Amino acid sequence: MTIKLESDIIPTKDTKLKLAGIIEIPPVDWYLNCSFVRLVWKWTPKAEKDAKEAFDKAFELGISFYDTAEIYGDGESEREIKRFRESYSDEEKAKQVVATKFFPHAHRTQFPDVLLSALKDSLSRLGVFKVDLYQIHAAVHPASIEVVANALADAYEAGLVKAVGVSNYGIEDVKQMHAALQKRNLSLASNQVSYSLIRTIPEKSGLIKLCHELGVIVLAYSRKLSATYT
């Protein structure tokens, strides 16, 4: 199972990593955050034609992993992915990997129901029956990590997700989530963190090393750059 690239490997469009040992992904993905784009680059729906062209070009170049979340543009990012994928054949769609996230708002306390309900809403907006990767957006949930892990496992066992991950989890959070999922015979596929040339805390703290030791792919995002992988 390849969860990281060795130092002597120069990635190309054909380079693949594996999420949970089952889902092949390229070393770069497309971070579809409509709310962020609107704020910083003044994106409006009128720009959707250009965005679709960029989406198509990215797929042509081998960037076939799309990362979004229910809170990005209040679901508009997920709906946009659905619209963009409508022009693709079933064979082409099978090559595309879609990831989205559950945001643990303070009022979301009734697990697993709140997670399963939110997931089904995301699936509807994305136009799919199953999402490739479902992530917890941050470790700020009111419930314990074990309770959230069990909800993720329920979603997996219900056939609604292929793999599960987390985002913005620290060292102890990752250890607890990994252990809790293991009890349900499920792997923690990924941890998405803010990591770049100007923010190296995940590396210096030992978080990236821990993830690699546990078989967890590190998805690195930056407020300035698209997501990449270590």
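Is K13 buried, partly exposed or exposed? I looked up its accessibility and found that K13 counts as partly exposed, at 48% relative accessibility (buried means under 20% relative accessible area, exposed over 50%, partly exposed in between, with a 1.4 Å probe and protein chains only).

Before going on, I note that this is a predicted model, in which local features need pLDDT of at least 70, side-chain atom pairs count only at pLDDT 80 or more, and totals for chains, interfaces and linings use all residues. Residues are numbered from 1 along each chain as its sequence is written, and side-chain values use heavy atoms, with hydrogens and water left out.

I placed K13 in the segment before β1 (17-19), where helices (H or I, at least four residues) and strands (E, at least two) are DSSP runs numbered from the N terminus. Leaving aside neighbours within four places in sequence, K13 is in contact with L61 and G62, contact meaning heavy atoms within 4.5 Å. I then turned to K49, which lies in helix α2 (residues 48-60) and is exposed, with a relative accessible area of 57%. From K49 to F84, 35 residues apart along the chain, the C-alpha separation is 9.7 Å.

**Entry on α5 and α6.** Two packed helices are described by the angle between their axes and the distance between the axes. For helix α5 (residues 113-126) and helix α6 (residues 145-157), I read that the axes come within 9 Å and cross at roughly 45 degrees; axes are lines fitted to C-alpha atoms, for helices over the stretch in contact, and angles run from 0 to 180 degrees between N-to-C directions. The two helices are therefore oblique to each other (angles under 35 degrees count as roughly parallel, over 145 as roughly antiparallel, 65 to 115 as roughly perpendicular and the rest as oblique). On the α5 side the contact is made by L115, L116 and L119, and on the α6 side by A151, L152, D154 and A155.

**Entry on α6 and α7.** I found α6 and helix α7 (residues 171-182) packed at an angle of about 45 degrees, with their axes 9 Å apart, which makes α6 oblique to α7. Here I145, E146, V148, A149 and L152 of α6 meet D173, Q176, M177, A180 and L181 of α7.

**Entry on the cores.** Which residues have the most contacts inside the largest nonpolar core? I noted L115, Y134 and M177, in a core of 51 residues; a nonpolar core is a set of buried Ala, Val, Leu, Ile, Met, Phe, Trp, Tyr and Cys residues joined through side-chain atoms within 4.5 Å. Leaving aside neighbours within four places in sequence, Y134 has contacts that include F102, L115, L119, L152 and V164. Apart from this core lies another, of 13 residues, among them F65, A99, A189 and I217.

**Entry on α9.** L210 lies in helix α9 (residues 207-214) and, at 10% relative accessibility, counts as buried. Leaving aside neighbours within four places in sequence, I list I171, V174 and K175 as the contacts of L210, and the C-alpha atoms of L210 and I171, 39 residues apart along the chain, are separated by 7.3 Å. The buried residues of α9 are L207, I208, L210, C211 and H212, and what covers them includes α7, β8 (188-194), α8 (201-204) and β9 (217-221). After α9 comes G215, whose phi is positive, near 80 degrees.
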